[in-house]
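Please keep the sequence and the model side by side while reading.

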Amino acid sequence: HAVGPVWGSGDEDRKLAAAVRGSLARAGELKLRSIAFPAISTGIFSFPVERAAQVFLTTIDMYFKDHPESSLETVRLTLFDSPTLEVFLAAEHDYFTQ
């Protein structure tokens, strides 16, 4: 379980990235092969989905660049609804076609 930041609490991008990075690191410590994330903080904590998608993609990408030895093979983003999925897919397209 990871708790992300409440939108408006200050330094939200860094806090969300820390929650994702910390979860990835813990999974690696446990030698897990997969991990799944919901769109942390985008529900009742009101983190904008577009911004969260960018933070997630950047953080996950950088984690694996910094930890190529990680036991993790699969990272799943388990998204609640179609609008959130569409935002994450668009962000993924933009991120990997830059």
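A residue is called buried when its relative accessible area is under 20%, exposed when it is over 50%, and partly exposed in between, using a 1.4 Å probe and protein chains only. By that criterion, buried residues make up 34% of the 98 residues in the chain. The model is a predicted one, in which local features need pLDDT of at least 70 and side-chain atom pairs count only at pLDDT 80 or more, whereas totals for chains, interfaces and linings use all residues. Residues are numbered from 1 along each chain as its sequence is written, and side-chain values use heavy atoms, with hydrogens and water left out.

The chain has three helices and two strands, and read along the sequence they follow the pattern α-β-α-β-α; here helices (H or I, at least four residues) and strands (E, at least two) are DSSP runs numbered from the N terminus. With 98 residues, a compact globule would have a radius of gyration near 13 Å, and the chain has 13 Å, which agrees; this radius is taken over C-alpha atoms, and the globule rule is 2.2 Å times the number of residues to the power 0.38. Along its principal axes, the C-alpha trace spans about 35 × 30 × 25 Å.

In soluble globular proteins, nonpolar side chains tend to be buried together. A nonpolar core is defined as a set of buried Ala, Val, Leu, Ile, Met, Phe, Trp, Tyr and Cys residues joined through side-chain atoms within 4.5 Å. The largest such core in this chain has 21 residues, and those with the most contacts inside it are Leu16, Val20, Leu24, Phe37 and Phe56. Helix 1 (12-29), strand 1 (34-37), helix 2 (49-66) and helix 3 (82-96) each supply at least two residues of this core, with helix 2 giving the most, eight residues. If contact means heavy atoms within 4.5 Å, and residues up to four places away in sequence are not counted, Phe37 touches Val20, Ser23, Leu24, Phe56, Val75, Arg76, Leu77 and Thr78.

Which residues of helix 3 are buried? They are Thr84, Phe88 and Ala91, and because they cover an arc of only 60 degrees around the axis, they lie on the same side of helix 3; the arc is that of the directions from the helix axis to the C-beta atoms. These buried residues pack against helix 2 and strand 2 (74-77), while the face of helix 3 turned away from its buried side carries the exposed residues Ser82 and Pro83.
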